[in-house]
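Open the model in your viewer and keep the selection panel at hand. Each stop below says what to pick and what is there.

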Amino acid sequence: MTLPAGSAAIDAHVHVASDDEDRYPRHPTGMASDWWRRGRYQVDDVHGTLMEAGVAQMVIVQAAGVYDEDNRYVVDMAGQHPESVRAVVVVDPDAPGAPATITELASLRGVAGVRCMAVRPSATWVGTTRTDEAFASAAEAGLTVVLTVFGADLRLLRPTMERFPDVRVVLDHCAFPAMEGPTMGPDAPLRALADLPQVTVKITSHNLGPLAEAGGGRPFVEQLVGWFGTHRMLWGSDYPQTPHDTYAGLAGLAVEAFTDLVPHEVAAVLGDNTRHLFGFAAEASSPDGPPLA
C-alpha cells in the first residue's frame with residue numbers, strides 16, 4: 001500500500017513533551033505511560049521522526065498524562081509551526097468556566113480541536129448540560145471536538161451530537177471498543193453512531209497493536225469501512241505513548257491494516273480527512289523521506 005503520487009500523510013494523533021521544564025512545567029496525572037521521562041520528544045524531534053517515515057504533518061494532541069490541562073506547549077508549538085502542526089487542546093467540561101476556556105484557546109493560532117476526556121473516574125460531564133455547553137463553544141469557534149470516551153458513554157453523548165449536527169466529532173481510539181476476536185460485535189456501541197454524518201473514527205496504534213498478534217487489523221478496518229466509510233476515518237500513531245521499537249513500526253501497523261483499501265481511500269484515511277477536520281492547507285508537499293508504504 002502506498003499513497004498516490006504527490007500525496008502526503010498526516011498523523012492525526014501524536015504526543016509531545018518539552019525538555020524545558022522551567023518554561024513548561026509538568027503535571028503528571030498517572031493516566032498513561034511515562035514515555036515523556038526519556039526526553040527528546042519535543043516537537044522538532046517528533047516531526048523529524050515522522051518525516052523520515054514519509055509523514056509530512058501532524059496533529060499534536062495535548063498529553064494530559066504529562067501536562068494535565070496546561071496546554072501551553074502544544075499551543076505554542078502549533079503557533080510556531082503553522083505549515084506542519086495543528087494542536088488539539090484538552091479542556092475538562094466539568095471545570096468552572098470551561099466554555100470560556102474553549103473560546104479563548106480557539107482564538108490562538110494553530111488550535112484546531114478540543115479534546116474532552118471521560119476516561120478519568122472523576123469525569124461527570126457526559127450526558128449533562130456541561131456536554132452541550134462545551135459543544136456550543138466549539139460550534140461558535142469552529143473547532144473539531146475530539147472525544148476520549150468509552151463505548152458506554154456514546155449513548156449518552158448522542159443527544160448532544162444530534163442537537164449540534166454542525167460540530168465535527170472525532171472519536172479517539174474508536175472509543176476503546178471491546179473486541180470479539182479481530183472485530184467488534186454486531187451490537188458494538190460504536191456502530192450506533194454510524195448514521196451521524198458528523199462523526200469520524202480515529203484508528204490508532206492503541207487499536208491496531210493488539211490486533212497485530214491476531215493476524216493484523218484488516219478485518220477491523222473492513223468493519224469500520226462498512227459502518228462509517230473511508231471518508232469518516234482517520235489514522236493516528238499515538239506516538240510515542242503507544243510503545244513500539246520505532247515509529248516506522250507503528251506506521252507499519254497502519255500499512256497492514258489499510259492494505260485492502262484502494263489509493264483514493266488510503267489518501268482519505270491517511271491525509272485528506274485529517275487535513276479537512278483540522279484545517280491544514282489543501283495540499284501538503286511531500287517530505288524528502290521515503291513515502292509511507
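Colour by pLDDT, the predictor's confidence in each residue, from 0 to 100. The chain averages 92, and 94% of its residues reach 70 or more. Now select residues 1-6: pLDDT stays under 50 there, and the model has 22 contacts beyond four places in sequence for this stretch. Contact means heavy atoms within 4.5 Å.

Two notes on conventions. Residues are numbered from 1 along each chain as its sequence is written, and side-chain values use heavy atoms, with hydrogens and water left out. This is a predicted model, in which local features need pLDDT of at least 70 and side-chain atom pairs count only at pLDDT 80 or more, while totals for chains, interfaces and linings use all residues.

**The sheet**

Show the strands. Helices (H or I, at least four residues) and strands (E, at least two) are DSSP runs, numbered from the N terminus. Eight strands form an open, parallel sheet in the order β1-β2-β3-β4-β5-β6-β9-β10. Two strands pair if DSSP finds at least two bridges between them. β1 (9-14) and β10 are the edges, each pairing on one side only. Neighbouring strands are turned by 25° against each other on average, direction ignored. Axes are lines fitted to C-alpha atoms, for helices over the stretch in contact, and angles run from 0 to 180 degrees between N-to-C directions.

Four bridges join β1 to β2 (residues 55-61) in parallel. Pick Asp11: its bridge partner in β2 is Met58.

**Strand β9**

Select 199-204. Is this strand mostly covered or open? Six of its six residues are buried, that is, under 20% relative accessible area with a 1.4 Å probe, protein chains only (exposed is over 50%, partly exposed in between). Val199, Val201 and Ile203 lie on one side, and Thr200, Lys202 and Thr204 on the other.

β6 (residues 169-171) runs parallel to β9, joined by three bridges; Leu171 partners Val201. β10 (residues 233-236) pairs with β9 over four parallel bridges, with Ile203 opposite Trp235.

**Helices**

Select 205-212. This is α7, lying across β9 and β10 at about 50° to β9. Next, 263-277: α10 lies across strands including β1, β2 and β10, at about 105° to β10.

Finish with α5 (129-141) and α6 (151-163). They pack at about 35°, axes 10 Å apart. Thr131, Asp132 and Phe135 of α5 meet Leu157, Thr160, Met161 and Arg163 of α6.
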